[in-house]
Amino acid sequence: MKHVTHKQDDPSEDIFEEIAQALVDRSIDQSAPVRVASFAGLGRLQNPTDPSDDVFRAILRGLKEDKSKDVRKAALKVVGLSNFSLPVIITRARDHVAAVRTEAFSTIHKRVPLRTISISDRAGLIRCGLRDRNPQVKRACEEMCRRWLDEKKDSLVTLVECLNPEAFLEECETLVLSLLSGGLKLPEDESPPFKLSTNEISTAKALIWRMACKHASEERRSLDDLLPDAVAFCDILEAKALFPSEGKQGNEEVGRAVELLGIAGYLDATDEV
């Protein structure tokens with residue numbers, strides 16, 4: 001194939017079809033190394049926007065059905081991105097072989113924009129990746145999460161909001177703790193404690209606040225810089241949790257109340273109220 005494509009900038013349609021068919025045939029060869037080698041060529045000939053394209057279908061078949069982990073990894077490396085391939089790529093993040101899961105997270109990290117992934121799939125990737133027992137898989141998922149944060153211009157609040165914390169609370173907790181444990185430094189306007197007079201405290205901000213307290217507590221660090229005194233916090237509870245704004249009784253209000261009440265457990269009980 002290299003000889004043909006280098007020697008002829010515009011191969012005839014017949015030659016193109018012959019090359020494509022030969023590689024498609026090799027993609028189902030009995031030898032796994034032969035199938036692996038075929039994908040290097042198939043990746044250059046596919047049309048990922050056309051689900052009827054034989055080359056693209058061969059790559060998807062290898063990605064979904066091939067019993068060889070090396071073949072599934074090879075398919076991940078070359079499959080074109082489209083609405084037809086993305087669900088299959090995401091499915092491989094739950095492959096039974098750790099090396100394939102690692103490759104899937106690496107593919108998503110390097111090639112898949114966050115905006116193209118549904119909220120439920122974002123949560124699912126965090127759920128299976130950051131809790132994976134294999135350190136390579138977990139590390140690949142952490143790198144993916146850092147890329148997501150970069151896409152949101154380092155705003156953890158914005159990233160958490162993209163995950164719908166009211167619906168996917170545990171996944172958001174896992175994400176925030178992972179990033180904080182990895183040394184993430186929050187920008188000043190997203191760093192707790194938040195003040196009632198100057199900040200609108202969303203569910204995302206309250207969740208990050210609670211997770212920052214949990215992280216500091218697990219590290220046996222002082223929470224003094226994270227929490228106001230009990231009197232000031234009670235004012236926040238009264239305004240934002242116990243007596244929410246009139247007409248706002250939806251998921252946002254409930255989620256924020258739950259998070260703020262969780263933060264209350266970290267307050268110094270010896271403070272005068």
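**Exercise 1. Locate P193 and describe the peptide bond that joins P192 and P193.**

Solution. P193 belongs to the loop between α11 and α12 (203-218), where helices (H or I, at least four residues) and strands (E, at least two) are DSSP runs numbered from the N terminus. The bond joining P192 and P193 is a cis peptide bond, with omega about 5 degrees.

The model is predicted: local features need pLDDT of at least 70, side-chain atom pairs count only at pLDDT 80 or more, and totals for chains, interfaces and linings use all residues. Residues are numbered from 1 along each chain as its sequence is written, and side-chain values use heavy atoms, with hydrogens and water left out.

**Exercise 2. State how many helices and strands the chain has, and what share of its residues is buried.**

Solution. Begin with the secondary structure: there are 14 helices and zero strands. Next, consider burial, which is defined by relative accessible area: buried means under 20%, exposed over 50%, and partly exposed in between (1.4 Å probe, protein chains only). Of the 273 residues in the chain, 45% are buried.

Finally, turn to contacts, meaning heavy atoms within 4.5 Å. Among contacts in the chain with a separation of 6 or more, 62% are accounted for by residues 24 or more positions apart.

**Exercise 3. Describe the salt bridges of R101 with D132 and of R131 with E170, and give the number of salt bridges in the whole structure.**

Solution. First, R101 pairs with D132, and their closest N and O atoms lie 2.8 Å apart. R101 is in helix α7, while D132 is in the loop between α8 (119-129) and α9 (135-151), 31 residues apart. Both partners, R101 and D132, are buried.

Second, R131 pairs with E170, with the closest N and O atoms 3.8 Å apart. Here the loop between α8 and α9, which holds R131, is linked to helix α11 (residues 169-181), which holds E170, across 39 residues. R131 has a relative accessible area of 41% and is therefore partly exposed.

Third, a network of salt bridges links R72, R92 and D95. The whole structure contains 13 salt bridges.

**Exercise 4. Compare the surroundings of A123 and S178.**

Solution. A123 lies in helix α8. Its relative accessibility is 0%, so A123 counts as buried. Leaving aside residues up to four places away in sequence, A123 touches L163, F168 and E171. The C-alpha atoms of A123 and L175 are separated by 9.3 Å, although these residues are 52 residues apart along the chain.

S178 is placed in helix α11. With a relative accessible area of 18%, S178 is buried. Not counting residues up to four places away in sequence, S178 touches L130 and E142.

**Exercise 5. Identify the phi values of D154 and R220, and classify the accessibility of D154 and of R220.**

Solution. For D154, phi is near 65 degrees, a positive value in a residue other than glycine. D154 is found in the loop between α9 and α10 (156-161), and D154 counts as partly exposed because its relative accessibility is 39%.

For R220, phi is near 60 degrees, again a positive value in a residue other than glycine. R220 lies in the loop between α12 and α13 (230-242). The relative accessible area of R220 is 79%, so R220 is exposed.

How values were computed: A salt bridge is a side-chain nitrogen of Lys or Arg within 4 Å of a carboxyl oxygen of Asp or Glu.
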